[in-house]
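Here is a short report for a reader meeting this protein model for the first time. Take a look at the structure, then read on.

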Amino acid sequence: MTAPLVFITGASSGIGQALALRFHQGGYRLALVARRTFDIKSWASAQGISASSYEIYSADVSVPESIMAAGRDCIARQGLPDVVIANAGISVGMDTAIRADIDVMVRTFATNNIGMAATFQPFVSGMVQRRGGTLVGIGSVAGIRGLPGHGAYCASKAAVISYCESLRGEMRPHGVRVVTISPGYVDTPLTRHNRYGMPFLMQADCFADRAFQAIVAGVSYRVIPWQMGVVAKLLRLLPNALLDALLAGRPRKHRQDEVE
């Protein structure tokens with residue numbers, strides 16, 4: 001039998017790269033998507049992953065036709081995936097008073113939200129016809145409550161959670177699973193320069209192992225690590241006045257033109 005296939009965006013670093021390795025270890029063939037394709041090839045070679053077990057697709061997730069073309073190419077070259085993971089995302093601080101930061105918000109939503117839907121689009125009809133498959137959206141605990149200075153990212157991840165919830169209801173009658181994974185803090189290039197405390201920080205490989213288990217089990221929603229899930233629920237229950245007081249003075253994420 002042909003090994004199952006997983007399609008992963010944002011596979012050149014961080015969470016995407018860790019998920020690719022974990023799925024490879026789980027016996028999956030890999031369809032790896034990124035803008036920096038050379039990075040993927042170098043990484044796969046260093047990991048001893050056979051060239052016959054993966055394909056690389058160059059695409060910009062923020063451009064719908066680019067990522068949808070990569071999806072169609074994957075189907076033509078490797079077949080319809082069993083699992084599709086819309087992992088690619090960006091996180092940049094913003095200040096609504098600054099004109100340039102509105103463009104940051106546009107770019108964030110183009111990648112984290114429109115890009116996610118465009119990632120899934122080429123595969124939905126085939127999975128529905130096959131009556132099987134799993135679509136995975138990578139959200140964040142940051143999508144549960146808004147954090148000062150994180151407006152674009154928090155709003156985009158809240159939208160990811162709601163979108164995947166909507167999609168889950170649409171796909172369930174057709175035997176297609178939709179899984180939402182909301183990471184807490186994971187040690188990746190995306191988080192490494194954060195200037196605030198990151199409780200329960202996880203290594204990327206540990207996160208990937210837990211995410212792999214949740215995806216294979218078809219869990220509808222999972223916060224990883226579970227401790228951050230508890231924190232997120234408590235924050236959700238806090239009255240606005242208490243939340244505002246708790247977050248007062250908290251360092252904000254770097255904006256695009258700030259020197260780290």
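Contact here means heavy atoms within 4.5 Å.

## Basis

This is a predicted model, in which local features need pLDDT of at least 70 and side-chain atom pairs count only at pLDDT 80 or more, while totals for chains, interfaces and linings use all residues. Residues are numbered from 1 along each chain as its sequence is written, and side-chain values use heavy atoms, with hydrogens and water left out.

Helices (H or I, at least four residues) and strands (E, at least two) are DSSP runs, numbered from the N terminus. Buried means under 20% relative accessible area, exposed means over 50%, and partly exposed lies in between (1.4 Å probe, protein chains only).

Isoleucine 56 is found in strand E3, residues 54-58. It counts as buried, at 17% relative accessibility. Which residues is isoleucine 56 in contact with, leaving aside neighbours within four places in sequence? They are Leu32, Thr37, Ile40, Lys41 and Arg77. Proline 239 is 183 residues from isoleucine 56 in sequence and 47 Å from it in space, C-alpha to C-alpha.

Aspartate 39 has its place in helix H2, residues 37-46. At 32% relative accessibility, aspartate 39 counts as partly exposed. Aspartate 39 and serine 13 are 26 residues apart in sequence. In space, their C-alpha atoms are 8.1 Å apart.

Helix H1 covers residues 14-25 and has twelve residues. From its first C-alpha to its last, H1 reaches 17 Å, close to the 16 Å expected at 1.5 Å a residue. The expected span is 1.5 Å times one less than the number of residues. H1 is mostly covered, with nine of its twelve residues buried. Among them are Gly14, Gln17, Ala20 and Phe23. Glycine 27 follows H1 and has a positive phi, near 95 degrees.

H1 packs with helix H6 (residues 204-217) at an angle of about 60 degrees, and their axes are 8 Å apart. Axes are lines fitted to C-alpha atoms, for helices over the stretch in contact, and angles run from 0 to 180 degrees between N-to-C directions. H1 and H6 are therefore oblique to each other. Angles under 35 degrees count as roughly parallel, over 145 as roughly antiparallel, 65 to 115 as roughly perpendicular and the rest as oblique. On the H1 side, the contact is made by Gly14, Ile15, Ala18, Leu19, Arg22 and Phe23. Residues of H6 in this contact include Ala204, Phe207, Phe212 and Ile215. By class, the contact of H1 with H6 has ten nonpolar, one polar and three charged residues. Ala, Val, Leu, Ile, Met, Phe, Trp, Tyr, Cys and Pro count as nonpolar, Asp, Glu, Lys and Arg as charged, and the others, Gly among them, as polar.

Helix H5 runs over residues 151-171. Its 21 residues should span 30 Å at 1.5 Å a residue, and its end C-alpha atoms are 30 Å apart, which agrees. Buried residues in H5 include Tyr153, Lys157, Ile161 and Leu167. What covers the buried residues of H5 includes helix H4 (99-130) and strands E5 (134-138), E6 (177-183) and E9 (221-224).

How do H4 and H5 meet, and at what angle do they cross? Their axes come within 9 Å and cross at roughly 15 degrees. H4 and H5 are therefore roughly parallel to each other. Among the residues in contact are Met105, Phe109 and Phe120 of H4 and Ala152, Val160 and Tyr163 of H5. By class, the contact of H4 with H5 has 16 nonpolar, five polar and one charged residues.

## Strand E5 and isoleucine 138

Isoleucine 138 lies in strand E5. It is buried, with a relative accessible area of 4%. Not counting residues up to four places away in sequence, isoleucine 138 touches Ile85, Ala86, Asn87, Met116, Lys157, Val160, Ile181 and Pro183. Isoleucine 181 is 43 residues away in sequence, yet 5.0 Å away in space, C-alpha to C-alpha.

Most residues other than glycine have a negative phi, and most peptide bonds are trans. Arginine 131 has a positive phi of about 60 degrees although it is not a glycine. Arginine 131 lies in the loop between H4 and E5. It is exposed, with a relative accessible area of 52%.

A cis peptide bond joins isoleucine 224 and proline 225, with omega about 0 degrees. Proline 225 is found in the loop between E9 and helix H7 (226-237).
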